[in-house]
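Subject: Structure handover

Hello,

I am passing on a structure for you to look at. My notes follow below it.

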Amino acid sequence: AVVSTQSTGRIKKIMQSDEEVGKVSAAVPVIISKALEMFLSSLLDQADTLTRERGAKTLNLQHLKACIETDRRYDFLSELVSKIPDLGMEDEGDQEEVPRKKRRPTYPEPTGNGGGEGSGLELFPNMPGAS
């Protein structure tokens, strides 16, 4: 996957919010972005496998918690998931999903300033007029 300039910009901003971090080379956020991508891919692949093994159709917090608790690489996340209930032993595939109302998409109100900063279009970077 391609590392976006938005994600590297956010990473650089987060790094520089720490008073102890000075200047950051342009390559550093790119490498961190790729590492984050690889980390998430690994965790989500493992969670997807568990979800499918249990016959569930939806990956949920309990699946992520089970992966975090069974793989030592994710020990540093244990505290984050400690309050999430454990996976039940029942077959999740038999659970009926509650039908939900479909929501209509919401869009930012046009401000008439041509799509510049503050127009709301920065939320949709691929739209024409977004900066």
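At 31% relative accessibility, Val28 is classed as partly exposed, because that class lies between the limits of 20% for buried and 50% for exposed. Val28 sits in helix α2, which covers residues 27–53. Together with Ile32 and Leu36, Val28 makes up a nonpolar patch on the surface, and the three share about 200 Å² of accessible area.

Please keep in mind that this is a predicted model. The chain has a mean pLDDT of 78, with 66% of its residues at 70 or more.

On the overall layout: the chain has 4 helices and 0 strands, in the order α-α-α-α from the N terminus. Of its 131 residues, 23% are buried. The accessible surface is about 10800 Å², and carbon and sulfur atoms account for 56% of that. Of the contacts between residues at least 6 apart in sequence, 39% link residues at least 24 apart.

Lys65 is buried, because its relative accessible area is 5% and the limit for buried is under 20%. Leaving aside residues up to four places away in sequence, Lys65 touches Val81, Ser82, Ile84, Pro85 and Asp86.

Regards

Key. Residues are numbered from 1 along each chain as its sequence is written. This is a predicted model: local features need pLDDT of at least 70, side-chain atom pairs count only at pLDDT 80 or more; totals for chains, interfaces and linings use all residues. Side-chain values use heavy atoms; hydrogens and water are left out. Patches are made of residues with over 30% relative accessible area and no salt bridge: like charges are joined within 9 Å, nonpolar side chains (Val, Leu, Ile, Met, Phe, Trp, Tyr) within 5 Å. Accessible areas come from the Shrake-Rupley method with a 1.4 Å probe; for residues, only the protein chains shown count as cover. A salt bridge is a side-chain nitrogen of Lys or Arg within 4 Å of a carboxyl oxygen of Asp or Glu. Helices (H or I, at least four residues) and strands (E, at least two) are DSSP runs, numbered from the N terminus. Buried means under 20% relative accessible area, exposed over 50%, partly exposed in between (1.4 Å probe, protein chains only). pLDDT is the predictor's confidence in each residue, from 0 to 100. Contact means heavy atoms within 4.5 Å.
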